[in-house]
Amino acid sequence: MSTHIAAAPGEIAPIVLFPGDPRRARWIAENFLEDAVCYSEVRGMLGFTGTWNGHHVSAQGSGMGQPSMSIYANELFDSYDVQTIVRVGSCGALTERVGMRDIIIANGACTDSGINRVRFHGQDYAPVADFGLLRAAVEAAEGMQLDSAVHVGLLFSSDQFYSTRTELTEPLVQHGALAVEMETSALYTLAAYRQRRALSICTVSDHLVTHEETTALEREQTFGEMIEIALRAATA
Ligand code: HPA
């Protein structure tokens with residue numbers, strides 16, 4: 001086992017779906033994976049391994065924010081030799097170009113986080129998705145009958161859910177950021193460092209321009225489409 005994950009070596013699949021909410025990991029296991037087994041409950045951050053269309057796949061909670069997500073991503077890469085992580089999360093739309101329950105496949109992520117500033121000695125690193133996974137996700141989405149619109153674009157990975165300086169996101173939106181979430185920038189950076197594949201797919205759960213919010217039922221239904229895209233892309 002690693003410091004925060006109680007799995008034995010080999011119990012975690014090379015492909016991991018990575019929701020923030022550990023109960024979403026259980027929901028993925030119960031609704032998409034066959035013969036799913038829970039391999040870790042440490043800190044309530046549930047992880048499961050099963051099969052999808054004959055492929056071994058795990059679903060592991062990451063927690064919220066880049067520090068929590070980074071702990072799990074580091075341990076998945078380093079202790080369990082995970083090759084592919086697809087974050088399946090929620091995000092808040094920053095522009096009316098994006099609607100409620102739309103799905104965003106993130107080709108890159110900007111951030112206000114200090115993590116990469118420290119890592120790169122103040123230089124600006126550009127965290128980007130694995131291109132093969134990105135292309136596979138787009139192709140998967142194009143091959144499905146989806147209720148949700150799909151966008152490929154930039155996420156803003158913020159360190160704060162409750163920011164008092166919301167005006168600071170304006171230049172990011174002017175330069176293409178579609179939505180805010182709290183994990184992708186660090187995930188793409190860690191995957192690049194370890195030479196593994198990572199992709200973030202997020203559904204819009206709240207709209208910071210129109211102030212709409214999804215119901216729990218709507219989130220669950222849209223989440224299903226996103227999981228299907230993630231599974232098809234990761235196993236393509
Ligand atoms: N802010 C940050 N992260 C989020 C949001 C938000 O509005 N919605 C979903 N994840």
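Visitor: At what angle do α1 and α7 pack, and how far apart are their axes?
Guide: In this predicted model, helix α1 (residues 22-32) packs with helix α7 (residues 216-235) at an angle of about 70°, and their axes are 11 Å apart. Since angles of 65 to 115 degrees count as roughly perpendicular, α1 and α7 are therefore roughly perpendicular to each other.

Visitor: Which residues make that contact?
Guide: From α1 come Arg24, Trp27, Ile28 and Phe32, while α7 contributes Arg219, Glu220, Phe223, Gly224, Ile227, Glu228 and Leu231. Sorted by class, the residues of the contact of α1 with α7 are six nonpolar, one polar and four charged.

Visitor: And α4 with α7, what's the geometry there?
Guide: Helix α4 (residues 131-142) packs with α7 at an angle of about 130°, their axes being 8 Å apart, and the two helices are therefore oblique to each other. The crossing in which α4 passes α7 is right-handed.

Visitor: Which residues meet there?
Guide: Leu133, Ala136, Ala137, Ala140 and Ala141 in α4 meet Ile229, Arg232, Ala233 and Ala234 in α7. The contact of α4 with α7 has eight nonpolar residues, one charged residue and no polar ones.

Visitor: Switching to α2, how far does that helix reach?
Guide: Helix α2 (residues 66-80) has 15 residues and spans 20 Å from its first C-alpha to its last, which is close to the 21 Å expected at 1.5 Å a residue.

Visitor: Which of its residues are buried?
Guide: In α2, the buried residues are Gln66, Met69, Ser70, Tyr72, Ala73, Glu75, Leu76, Phe77 and Tyr80.

Notes
Residues are numbered from 1 along each chain as its sequence is written. This is a predicted model: local features need pLDDT of at least 70, side-chain atom pairs count only at pLDDT 80 or more; totals for chains, interfaces and linings use all residues. Side-chain values use heavy atoms; hydrogens and water are left out. Axes are lines fitted to C-alpha atoms, for helices over the stretch in contact, and angles run from 0 to 180 degrees between N-to-C directions. Helices (H or I, at least four residues) and strands (E, at least two) are DSSP runs, numbered from the N terminus. Angles under 35 degrees count as roughly parallel, over 145 as roughly antiparallel, 65 to 115 as roughly perpendicular and the rest as oblique. Contact means heavy atoms within 4.5 Å. Ala, Val, Leu, Ile, Met, Phe, Trp, Tyr, Cys and Pro count as nonpolar, Asp, Glu, Lys and Arg as charged, and the others, Gly among them, as polar. A crossing is left-handed if the near helix is turned anticlockwise from the far one by less than a right angle, and right-handed if clockwise. The expected span of a helix is 1.5 Å times one less than its number of residues. Buried means under 20% relative accessible area, exposed over 50%, partly exposed in between (1.4 Å probe, protein chains only).
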